[in-house]
Amino acid sequence: MTSENIESIVNRRYEHGFVTDIETESLPPGLDEGVVRAISARKNEPEFMLEWRLQAYRQWLEMAEPEWAHLHYPPVKFNEISYYAAPKSDADRPKSLDEVDPKLLETYDKLGIPLHERARLAGVAVDAVFDSVSVATTFKDKLSEAGVIFCSFSEAVREHPELVKKYLGSVVPRRDNFYAALNSAVFSDGSFVYIPKGVRCPMELSTYFRINAANTGQFERTLIIADEGSHVSYLEGCTAPMRDENQLHAAVVELVALEGAEIKYSTVQNWYPGDENGVGGIYNFVTKRGDCRGANSKISWTQVETGSAITWKYPSCLLRGENSVGEFYSVAVANNMQQADTGTKMIHIGANTSSTIVSKGISAGKAQNAYRGLVKVMPQAHGARNHTQCDSLLIGKECGAHTFPYMEIKNPSARIEHEATTSKISADQLFYCRQRGISEEDAVNMIVNGFCKEVFKELPMEFAVEAQALLNVSLEGAVG
Amino acid sequence: MKQVALSIDDLREAVLRMPDDALMATREAALANLDEHGLPSVRDEDWKYTDLGPAIDISNRWLANGATITTTSNDLLADAIAAIAGAIDANWLIIANGVIDTSRFDESSGIEVQRFSESAAPFVMDRPLADLNAALLNDGLRVQIHAATEKPLGILIIDETNAGAAVSQANVEIEIAPGCDAEVIEYQSSTGTGDHFGNSVITLQIGQAAIASYVRIQNRRIGHVQSGRLCATPGRDARLNMASYDLGGGLVRNDVDIDLGEPGADVVFNGLYLAGDGQHIDNHTRVDHRVGPASSSQEYRGILNGRCRCVWNGKAIVHAGADGTDANQANHNLLLSEHAEIDAKPELEIYADDVKCSHGTTVGQLDETALFYLRTRGLDKRQATQLLTHAFAADLVGRAPVAAAIDEITSLVESRLADLIQEEA
């Protein structure tokens with residue numbers, strides 16, 4: 001590829017980087033018990049919720065920021081962040097999409113997410129999180145027919161306190177880690193899903209997260225409970241507008257799969273990664289964990305991570321039920337100055353549990369991409385089975401690809417396999433494509449897509465298409 | 001559980017009691033390092049799975065008791081030395097209970113030997129355990145191999161403790177001249193019913209286009225504590241072919257650091273660890289690829305039976321600009337008991353793009369069908385298990401690069417496996 005060509009692609013602006021000008025009602029920056037109380041009060045939360053938040057806050061104060069990740073960034077100034085921002089129209093929430101602020105809809109348009117069209121055509125119910133408060137939820141009726149509860153977290157706290165009380169923090173305890181504790185104290189909103197016994201959720205559930213107001217950390221909390229014998233597929237996708245200051249994003253996602261239940265959780269993450277010098281960009285510190293509580297349950301994580309300046313994320317599975325299954329499929333792309341430290345934990349506790357890990361890391365520019373994973377087989381987990389494959393692809397001389405897999409095996413009947421490779425796109429592969437008349441850029445895209453195919457095929461159809469396009473966009477400018 | 005700290009005051013006294021020779025400045029510097037940083041605990045990433053508690057406990061008891069170094073006139077020790085020297089035909093340099101003994105060394109072999117105390121050159125002291133080694137080192141050996149020799153060089157580090165607790169240090173620097181083809185055997189052994197902690201540091205400098213074949217045998221008494229560090233720096237186009245065998249010991253920690261600073265180097269190193277009741281064997285390896293092209297390849301295999309724990313942590317770092325690096329890591333484990341644990345961690349840190357790196361790790365059991373096949377042929381379960389585990393280990397025994405040591409390794413592995421498989425079939 002010619003150098004001008006590279007130049008022009010490298011200099012392309014982040015397509016989804018723009019700011020929607022809507023007035024937001026924010027709390028002043030800083031964090032103390034007053035802020036926690038104020039958040040809880042604004043959301044009209046019951047007493048138990050406030051108490052839970054306050055305990056989390058007190059625990060957070062005693063905890064230290066983790067430093068073990070293979071990441072380098074200036075310390076986060078927790079006192080300069082505003083912990084709550086809600087769109088102005090919070091008081092009278094729109095009942096349907098027609099009532100939604102047109103500017104907001106325009107934002108979604110720019111992102112290429114025609115909310116209602118997409119919802120109707122693709123049969124996807126969308127619970128759009130704009131900043132911190134859910135503003136539009138569709139297809140509720142159809143879901144409620146099936147008995148599925150799909151609503152914002154705040155709504156769940158008010159309408160289904162018994163479920164929230166029972167399951168909140170049962171997978172990711174308040175003091176699980178520094179960011180989980182912070183989230184527990186100040187979480188703003190998120191999604192709540194409950195699939196009743198024996199129900200197969202009639203459609204794929206989807207939430208689009210966006211970070212919009214400047215300096216506002218977004219702290220979503222997602223809780224998905226799949227009761228016995230149920231099935232749900234949940235899609236999470238995000239984009240964020242361009243910013244010059246780092247934005248903190250510390251979400252917690254908890255999944256509970258009871259006997260025979262299956263949860264498929266797919267993510268396409270495309271937060272603003274910062275400019276080519278690494279200025280701006282989202283700090284993404286996420287705790288995601290699924291608990292296969294019942295026998296024969298299954299939790300599958302699929303993620304395509306292309307955004308964020310810093311990614312710190314380990315979607316995990318606790319395989320407690322007999323014969324339960326955990327899966328993790330991941331494509332993580334880091335370009336320019338991006339840094340990612342991501343992977344999974346598979347904790348085998350029950351008998352005959354099995355897990356599969358497929359991780360594909362792509363590093364380009366000056367990015368650092370690390371896979372960090374743990375496979376742990378407890379003494380009582382007879383017949384545990386794990387297969388891990390983690391491959392890294394390097395594009396460019398200045399990037400880094402790292403693997404830190406941990407295996408802790410305490411049962412002799414476990415069968416554990418781990419393999420990893422690191423390589424660059426071979427000159428032979430490129431040459432072959434080029435002599436068939438394929439441009440260098442297309443050839444690289446093709447090879448990269450082939451590299452990621454195993455993961456893409458796990459994504460729901462509409463997501464797979466988006467992910468593939470996203471990957472091409474993310475890597476443009478990286479190839480030379 | 002909080003780890004006991006090393007008692008620095010007792011250590012200082014012990015250091016001050018040592019002879020005022022050329023090593024004193026280094027000892028004091030090492031002491032200051034230890035005073036400042038202490039020894040690592042399980043909170044340190046590199047020590048996550050290995051608690052140095054027993055080593056510290058033995059050290060503290062020994063230091064509190066006056067930190068005396070036993071002389072080598074002991075009969076038991078003499079017998080043990082004679083047995084090993086009889087089994088492997090090598091030119092032996094002996095460090096017994098931390099004291100250098102050159103009585104079995106043939107000076108006419110062309111290998112040049114000097115003691116640290118004869119010159120003021122400083123020696124390795126970059127990690128806490130190397131600091132401890134430097135602080136308490138009685139004397140070290142500087143060995144230069146100028147040309148290929150008839151017999152391999154043997155370094156026998158042997159200790160004997162019959163009561164209480166004892167600690168000993170060994171430090172050997174080996175320099176292999178450019179173009180030279182050298183064979184080295186490191187043999188670590190210990191006897192006696194007391195508690196013992198042996199701590200060794202060996203550096204291996206391989207000259208340009210030289211070939212080093214290195215075998216390490218660790219056959220300490222079960223229950224004895226050992227930590228050993230081997231730092232190798234191969235020169236341009238140099239080759240290092242190494243194999244290590246861990247058969248004994250209680251708490252064992254081996255650190256192998258290979259620093260590839262010159263292009264064209266080719267390093268192959270393999271390891272076998274056989275662990276039974278009461279053993280904890282930790283192998284940490286680190287290869288720094290600073291320039292390319294260069295290749296490194298390692299394969300470690302473990303057989304674990306009874307109540308034991310093994311750790312394998314392989315790290316390959318490909319530094320920026322080290323294009324043409326080829327790095328491979330493999331680790332395979334056979335877990336044969338309910339109470340055995342393996343913690344494996346193959347790490348790759350890569351900062352260059354023209355590289356080929358891979359690692360593979362497996363944890364499993366013996367193949368049921370293979371066991372069944374052997375049973376149908378009339379072998380009992382123990383025999384069948386022994387045969388299959390033997391096959392698993394034999395591959396690595398066959399890769400021992402020093403011919404003179406193969407018979408001894410074979411017999412040690414066979415007898416250790418026979419013991420292990422008896423424990424639980």
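Residues are numbered from 1 along each chain as its sequence is written, and chains are lettered from A in the order in which they are written. In this predicted model local features need pLDDT of at least 70 and side-chain atom pairs pLDDT 80 or more, while totals for chains, interfaces and linings use all residues.

Reader: What share of the residues in chain A is buried?
Author: A residue is buried if 20 or more other C-beta atoms, placed from the backbone, lie within 10 Å of its own. Chain A has 480 residues, and the buried share is 55%.

Reader: Why are H10(A) and H11(A) called oblique?
Author: Helices are DSSP runs of H or I with at least four residues, numbered from the N terminus. Axes are lines fitted to C-alpha atoms over the stretch in contact, and angles run from 0 to 180 degrees between N-to-C directions. Helix H10 (residues 427-435) of chain A and helix H11 (residues 440-456) of chain A cross at roughly 125°. Angles under 35 degrees count as roughly parallel, over 145 as roughly antiparallel, 65 to 115 as roughly perpendicular and the rest as oblique, so the word for H10(A) and H11(A) is oblique.

Reader: Which residues of H3(B) make the contact with H1(B)?
Author: Helix H1 (residues 8-17) of chain B packs against helix H3 (residues 53-64) of chain B, with their axes 9 Å apart. Two residues are in contact if their C-beta atoms, placed from the backbone, lie within 7 Å. Asp10(B), Leu11(B) and Ala14(B) of H1(B) meet Asn60(B), Leu63(B) and Ala64(B) of H3(B).

Notes
Helices (H or I, at least four residues) and strands (E, at least two) are DSSP runs, numbered from the N terminus. A residue is buried if 20 or more other C-beta atoms lie within 10 Å of its own, exposed if 12 or fewer, and partly exposed in between; C-beta atoms are placed from the backbone.
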